[in-house]
Amino acid sequence: MKKTLFGFVLFAVLLAACASGEPMHDMGMQHDESAGMQMDDKPAMSAGGLEIYGPKAMAGKIGQTTGGFLTIKNTGAAADRLLSASCGAAMMTQVHETVMDGDVMKMREVEAIEIPAGGMVELKHGGYHIMLMDLKQDVKAGETTACTLKFENAGEVTVELKVMSR
Amino acid sequence: MNRQNLFFVVLVVLLIVGIAIFQLTMPPTLRGTVIEPPKPMPNFTLQSANGPVSLSDFRGKIVVLYFGYTSCPDVCPTTLASLRQALNDLGEKADEVQLVFVAVDWQKDTPERVASYLDAFHPDFVGLSGTQEQIDAVTKDFFIFYQINPPDENGYYTVDHTATMQVLDREGRLMLTWPYGLTADELLDDLKVLVRK
């Protein structure tokens with residue numbers, strides 16, 4: 001009698017463990033992959049009070065369009081504005097913003113991006129980004145590709161974007 | 001064993017069995033939006049780089065349907081890369097899941113261009129193109145909004161489109177939608193549940 005009971009309890013415990021195993025596996029151990037852009041310790045480039053961190057572009061083939069991403073930090077006392085960008089690998093470079101309108105993704109060219117004094121602006125997935133349109137050549141992972149950013153105050157700043165695989 | 005002990009053991013057993021039954025009968029929570037009951041969807045045939053492909057070709061597989069365009073540098077690649085990551089983590093069972101990408105930019109996205117774009121993500125992803133009439137019909141059938149915006153002075157344009165992924169069950173019925181922005185881990189959680197069915 002005792003043995004049967006014990007066996008039954010064991011069976012029930014195992015059953016419960018099996019059943020709860022899958023749906024509950026991720027409770028309490030959510031790892032966050034959306035931590036955003038990795039901040040490098042040192043700026044890749046600094047000019048006129050602006051510091052540029054983590055410049056990168058996604059790989060693309062000739063004729064394709066790809067995105068460039070970076071973070072601009074303004075250490076100066078006055079605001080600055082990113083007016084345009086120009087990348088040698090692309091026929092056309094524009095600065096765009098991705099906007100979600102409900103479930104609909106929209107991209108629009110932006111006139112300028114203001115970087116407030118002491119502030120920071122991230123060009124990242126789902127927000128502002130540099131559009132390298134109609135690539136003249138393949139842009140391969142592991143290489144770098146140069147883009148010149150034009151600022152209202154800091155003038156022209158050339159950065160090397162590290163190309164990442166898609 | 002005295003009566004009191006027996007009573008206690010029985011109580012514990014009942015509790016555990018109760019929890020087990022509750023866990024087994026409760027539908028698992030999904031990250032996406034569940035369509036209940038699953039909605040039968042019309043078939044379509046569009047052009048891939050390897051010839052015409054119909055949605056019905058994938059009966060028996062779970063189909064993830066995504067509408068985008070190849071000049072999309074931001075949202076589309078993020079979505080495709082997340083799904084690729086989820087499929088890689090899913091392991092062998094990933095064979096039961098097929099991504100179908102429909103290019104809504106009928107002006108520019110030829111089957112070859114779409115294939116070259118998708119190739120950067122996953123060799124098994126299928127990319128499809130169509131004429132304006134075909135794309136209009138398919139997007140309407142699948143509740144997808146898209147709009148090719150007027151070109152700028154240099155002829156460049158953007159395309160607005162619904163960024164939601166749609167999941168069809170093995171009988172081709174719409175059963176789940178994934179909003180834009182789910183992480184690879186969240187997609188993986190749902191895929192694990194879907195392939196068990």
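This is a predicted model: local features need pLDDT of at least 70, side-chain atom pairs count only at pLDDT 80 or more; totals for chains, interfaces and linings use all residues.
Biologist: Why is Met100(A) called partly exposed?

Modeller: Met100(A) has 14 other C-beta atoms within 10 Å. Exposed would require 12 or fewer and buried 20 or more, so a count in between is called partly exposed. Met100(A) belongs to strand S5 (residues 90-101) of chain A.

Biologist: Which residues does Met100(A) touch, not counting residues up to four places away in sequence?

Modeller: Met100(A) touches Met105(A) and Tyr180(B); a contact is counted because the C-beta atoms lie within 7 Å. As for Leu83(A), it is 17 residues from Met100(A) in sequence and 23 Å away in space, C-alpha to C-alpha.

Biologist: Turning to chain B, what makes strand S1 (33-40) and strand S6 (126-128) of chain B edge strands?

Modeller: Six strands of chain B form an open sheet with mixed pairing, in the order S1-S10-S9-S4-S5-S6. Strands S1 and S6 of chain B each pair on one side only. Neighbouring strands of this sheet are turned by 25° against each other on average, direction ignored.

Biologist: How do you know that strand S4 (residues 62-68) and strand S9 (residues 165-168) of chain B pair?

Modeller: Three bridges join S4 and S9 of chain B in the antiparallel sense. Val64(B) has Val167(B) in S9(B) as its bridge partner. Helix H2 (residues 75-90) of chain B packs on the sheet, touching S4, strand S5 (97-103) and S9 of chain B.

Key: Residues are numbered from 1 along each chain as its sequence is written. Chains are lettered from A and ligands numbered from 1 in the order in which they are written. Two strands pair if DSSP finds at least two bridges between them. Helices (H or I, at least four residues) and strands (E, at least two) are DSSP runs, numbered from the N terminus. Axes are lines fitted to C-alpha atoms, for helices over the stretch in contact, and angles run from 0 to 180 degrees between N-to-C directions. Two residues are in contact if their C-beta atoms, placed from the backbone, lie within 7 Å.
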